Amino acid sequence: MNMFVDAERLHQVLSNLLNNAIRFTEEYGRIDVEAKILEDRIRIGVIDNGIGITKSDMHKLFGRFMQVSGTHPAAREGLGLGLSICKELVAKHGGEIWAESRLGVGSKFYFTLPRLYSVNILDRKTKAEINDLLRLGIPAYLINLLIINYRKVEREARKSQGKLFRDVKGIIDGSFRQSVGSGIARPRLVAADSRKAEYTFILPQADEDKAIALCRELKERITSYLAKEKIENVFINLGVLPYAQKEQSPVRVEFPANIQIKKMFLGLEMRRFRRIAYKADIRILSSVNKTEVSRTVDISEGGLCFITKKLLKTDSRISIRLEFDKTRDPVIHTDGRVAWIKKVELLSGESLNRYKVGVEFINLKSKHRKIILKKIKP
């Protein structure tokens, strides 16, 4: 599972949700944190059996300076700016955040983050260079810096074509010089792709601490540069992907690996299934046997999204009747599971009492999958 996020911001979101759960849960109560892998995202939940939230307060949960009803001391204090900050940070990661609660029963706060599926950074030449180092007994790290939403960032920077790429390369060179001064063997740039702003370099004779020190230097310099250029909504993400030891996996002779891969990503927008904006009639039958007529917002082979007036329960199952063209296409009947929920709001922040719901298909028949793929192909 690959999930590239801004670790500091994710820590901030989790801390806020956990602090609220602790404040609103009585002594000897229970708080659970769960992480669930969905089709194209990760869903994290903070669940408590605390005092809960009234139905009338639910709509203002993620607003600034939210105050909740009740006589509990924590309720009188309100949630302040915490949840509105959580909402902003999750949204900047391309995710959703929502809550479910019953007074006297407890609360469930969920948020999602996109999953990253494939970033192929190791070409044959780079693998060969690393293997040469390993055969000589020289440990090495391969560090990769990639700006995923490069064109958007380039436009926001208002730079001429290629200027942003050269600027970032200059930041990397400066970090290299700094690392040499702090006792790290000079890294070697092995690939630089100006079309998508991807930089790959090898850090030989390094251990974990030295690799982290270099990445920290890069992160600080790039953050400073982006702030100076007034570029927003770009996150710097750091992760470690270790390969198995050679003796543990003899099949990997081509790339023996006491190599650690450091990946730094700016921006996020990669999905397992391509989602296409598509309007189709849909009937939803929920667990309470109530049918609702709606239209899809987008569809993929893994699921769909629609707008509803009801706040459905996370992980609840629903029956779906999907109609494309009544005269030519058969009606698709399948089951789905509610994976994520997002409140629909006006630009002013005012709630419309509508929810955008993401549903994953369950046991979708292959003939129905083919119909969907035919309809949404680009």
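**Aromatic pairs, an enclosed strand and a buried helix**

The structure, a predicted model, holds 4 aromatic pairs.

Reader: Why is the pair formed by Trp98 and Tyr110 called stacked?

Author: Ring planes under 30 degrees apart count as stacked, provided the centres lie within 6.5 Å. The centres of Trp98 and Tyr110 are 5.5 Å apart and their planes stand at 25°, so the pair meets both conditions and is stacked.

Reader: What makes this a link between distant parts of the chain?

Author: Trp98 belongs to strand E3 and Tyr110 to strand E4, 12 residues apart. Both Trp98 and Tyr110 are buried.

Reader: How do you know that the pair of Phe176 and Phe201 is edge-to-face?

Author: The criterion for edge-to-face is an angle over 60 degrees between planes, again with centres within 6.5 Å. For Phe176 and Phe201 the angle is 70° and the distance from centre to centre is 4.9 Å, so the pair is edge-to-face. This pair also links distant parts of the chain, since Phe176 lies in helix H7 (residues 163-181) and Phe201 in strand E7, 25 residues apart. Phe176 is buried, as is Phe201.

Reader: Why is strand E7 described as largely enclosed by the rest of the structure?

Author: A residue is buried when its relative accessible area is under 20%. In strand E7 (residues 198-204), 7 of the 7 residues are buried, so the strand is largely enclosed. Glu198, Thr200, Ile202 and Pro204 point one way, while Tyr199, Phe201 and Leu203 point the other way, and all are buried.

Reader: Which residues of helix H4 are buried, and what covers them?

Author: In helix H4 (residues 82-92), the residues Gly82, Leu83, Ser84, Cys86, Leu89 and Val90 are buried. Their cover includes helix H1 (7-23), strand E3 (97-102) and strand E4 (106-114). Just after H4, Gly94 adopts a positive phi of about 85°.

Reader: What is the mean pLDDT of the chain, and where is the pLDDT below 50?

Author: The chain has a mean pLDDT of 77, with 75% of its residues at 70 or more. The pLDDT is below 50 over residues 239-258, a stretch with 36 contacts in the model beyond near neighbours in sequence.

Terms used: Residues are numbered from 1 along each chain as its sequence is written. This is a predicted model: local features need pLDDT of at least 70, side-chain atom pairs count only at pLDDT 80 or more; totals for chains, interfaces and linings use all residues. Side-chain values use heavy atoms; hydrogens and water are left out. Buried means under 20% relative accessible area, exposed over 50%, partly exposed in between (1.4 Å probe, protein chains only). Helices (H or I, at least four residues) and strands (E, at least two) are DSSP runs, numbered from the N terminus. Contact means heavy atoms within 4.5 Å. pLDDT is the predictor's confidence in each residue, from 0 to 100. Rings of Phe, Tyr and Trp (its six-membered ring) pair if their centres lie within 6.5 Å; planes under 30 degrees apart count as stacked, over 60 as edge-to-face and the rest as tilted.
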